[in-house]
Amino acid sequence: LSAKFKKIKVTNKDVVRYCKQYPELRTSHVYVPLGPTALASEEKNAFKKIRSALDQLKKGKSFESVVAHYSEGYARKTGGDIDFQMKDKLDPSYYAAAKKLKIGQFTRKPIRSQLGLHIIKLTAIRSCSDINKAEWNRMIFDEKRTKIFDDYLAKLRNNAKVQINESLLKD
């Protein structure tokens, strides 16, 4: 296994291909926190608040003014701007929703992440010629390493023989 890890190489071609597939996005968002184990009443209130924000955006209010009135969290002070983020720095559902947008567009329904609810606005996509190549090399290396490890674990699971001794189980 360690020999496979030592053979991992990340080329410039890998970086460009990955950058095109998973671009670095600059987004702003209206954010309403909602934990994964929220009570039904908390969830109801959070959805009510985010829908009100969405209604204001659809009526033509500026994104920044809606952020100032409805959003919570550190990005409220910057009009919702969270700067450029790579795929590995954003919640997968957030990144997927942002990636579908055109610059200047915002999501037309609330996006649920692990942290809460978001209305996401795509503000820019960083050119592959302007990325931090060392950072991208690290991310691609990590993904290749994870794939090797996952394949190894899958092979162990496939070769495992599990038997259940019913006589040892208690009701």
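**Strands, core, pocket and disulfide**

Trainee: In β4, which residue is the bridge partner of Val 30?
Mentor: Val 30 finds its bridge partner in β4. The model is a predicted one. In it, the β4 partner of Val 30 is Ile 119.

Trainee: How many bridges join β1 to β4?
Mentor: Strand β1 covers residues 25–33 and runs antiparallel to β4. Leu 25 stands opposite Ile 125 in β4. Pro 33 has Gly 116 of β4 as its bridge partner. The number of bridges joining β1 to β4 is nine.

Trainee: What is the order of the strands in the open sheet?
Mentor: Take the pairs one by one. β1 and β2 run antiparallel, joined by three bridges. β3 pairs with β4 over two bridges, again in the antiparallel sense. With β1 bridged to β4 as well, the four-strand order is β2-β1-β4-β3.

Trainee: Which are the edge strands of the sheet?
Mentor: The sheet is open and has four strands, in the order β2-β1-β4-β3. An edge strand here pairs on one side only. The edge strands are therefore β2 and β3.

Trainee: Through how many residues does the hairpin join β3 to β4?
Mentor: Strand β3 spans residues 111–112. Its Arg 112 stands opposite Leu 117 in β4. The residues through which the hairpin joins β3 to β4 number three.

Trainee: How many of the nine residues of β1 are buried?
Mentor: Buried means under 20% relative accessible area. By that count β1 is largely enclosed by the rest of the structure. In β4, eight of the 10 residues are buried, so β4 is largely enclosed too. For β1, the buried count is seven.

Trainee: How far apart in space are Gly 80 and Val 30, C-alpha to C-alpha?
Mentor: Gly 80 sits in the loop between α4 and β2. At 0% relative accessibility, Gly 80 counts as buried. Gly 80 and Val 30 are 50 residues apart in sequence. In space, C-alpha to C-alpha, the distance is 6.1 Å.

Trainee: Is Asp 83 buried, partly exposed or exposed?
Mentor: Asp 83 is found in strand β2. Asp 83 has a positive phi of about 70°, although it is not a glycine. Asp 83 has 37% relative accessibility, so it counts as partly exposed.

Trainee: What is the volume of the largest pocket?
Mentor: Fifteen residues line the largest pocket; nearest its centre are His 29, Tyr 74, Ile 82, Leu 115 and His 118. β1 and β2 (81–85) each supply at least two residues of that lining. The lining divides into seven nonpolar, five polar and three charged residues. The volume of the largest pocket is about 260 Å³.

Trainee: How many residues apart in sequence are the parts that the disulfide ties together?
Mentor: A search of the whole structure finds one disulfide. Cys 19 and Cys 128 form it, their sulfur atoms 2.2 Å apart. Cys 19 lies in helix α2 (residues 12–21), and Cys 128 in the loop between β4 (116–125) and α6 (133–159). The pair therefore ties together parts whose separation in sequence, in residues, is 109.

Trainee: Is the link of Cys 19 and Cys 128 left-handed or right-handed?
Mentor: Cys 19 is buried, with a relative accessible area of 1%. The angle about the S-S bond is -100°. The link of Cys 19 and Cys 128 is left-handed.

Methods
Residues numbered from 1 in each chain as written. Predicted model: local features only at pLDDT ≥ 70, side-chain atom pairs only at ≥ 80, totals over all residues. Heavy atoms only, no water. Disulfide = S-S within 2.5 Å. Buried < 20%, exposed > 50% of the residue type's maximum accessible area, 1.4 Å probe, protein only. Pairing = 2+ DSSP bridges. 1 Å grid on protein atoms, 1.4 Å probe; cavity = no way out; pocket = protein on both sides within 12 Å on 5 of 7 lines; lining within 4 Å. Points joined across faces, edges and corners; volume = space filled by probe spheres on them. Nonpolar A, V, L, I, M, F, W, Y, C, P; charged D, E, K, R; others polar.
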